[in-house]
Amino acid sequence: MAKGAKIITDFGELSDSLFYDASTLMFNSISKNIGDLAGFPVDMAIYQPQIEEFNKVRNAVDFPEKVAKTESFRTIVQKTITQNNNWFNTFCAGNVVLLKETGAPFQKEAEAQGVLGKTTLTLVPMPGGTKVDYFISHIKGGGIHYGLLFTLASNPINDPAEWKFNYCGSREGVMDGLLPKTDYKFVSFAMGTVSELTMSEVVNVTTL
């Protein structure tokens, strides 16, 4: 593990309880070792309230929107984890001692997989007209990467393999370079150790 060591950037497999535990462990460990790890994107003063809000909602007495709100607050925490842990992986450059100071679990070696399942894609157009915020559902397993295929909605070619490709550094993020006030169609997919890909359902979006 030492040479190419990296920490996990996506905690999607964890239950809400374990997700909270892992998030809190990371907060405590990073705060303790801040002198060695300074410079990461999302400050602990922002990260801690995000964890607390998630925990408050998940432990609240049941109410109609509890499940949706818990997922929403969890997504906020996950986005912070993804941003910071991607930065730590680059900054630490395989240094196991430094990576341990983040409190995050290490990635396992990639395992052979069969054809991966279908993902679900959510897109939200962002102000300015050239960007969309994307969220791709989690596929269980290690060493899995994600991507988007997209084209103009008016394109008569229905095979996504013929569309433009966008590699996703994580399951959620922002894609730039689109045209404003334009209709697009997208699919997402998970990439593993085999070349065959399973596309999501087509999602249509209009940029702002």
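Is F40 buried or exposed? I found F40 buried, with a relative accessible area of 9%; buried means under 20%, exposed over 50%, and partly exposed in between, using a 1.4 Å probe and protein chains only.

A note on the source: this is a predicted model, where local features need pLDDT of at least 70 and side-chain atom pairs count only at pLDDT 80 or more, while totals for chains, interfaces and linings use all residues. Residues are numbered from 1 along each chain as its sequence is written, and side-chain values use heavy atoms, with hydrogens and water left out.

Next I looked up ring pairs, and the structure holds 11 aromatic pairs. Rings of Phe, Tyr and Trp (its six-membered ring) pair if their centres lie within 6.5 Å; planes under 30 degrees apart count as stacked, over 60 as edge-to-face and the rest as tilted.

One of them joins F40 and W87 edge-to-face, at 6.4 Å centre to centre with 70 degrees between the planes. This pair links distant parts of the chain, 47 residues apart: F40 is in the loop between helix 2 (34–37) and helix 3 (44–58), and W87 is in helix 4 (residues 66–92). Helices here are DSSP runs (H or I, at least four residues), numbered from the N terminus.

I then followed W87, which is partly exposed at 24% relative accessible area. W87 also stacks with F91, 4.6 Å centre to centre and 15 degrees between the planes. Both lie in helix 4, 4 residues apart, about one turn of the helix. F91 is partly exposed too, at 36%.

My last entry: F40, W87, F88 and F91 form one aromatic cluster.

Methods. Helix = DSSP H or I, 4+ residues; strand = E, 2+ residues; numbered from the N terminus.
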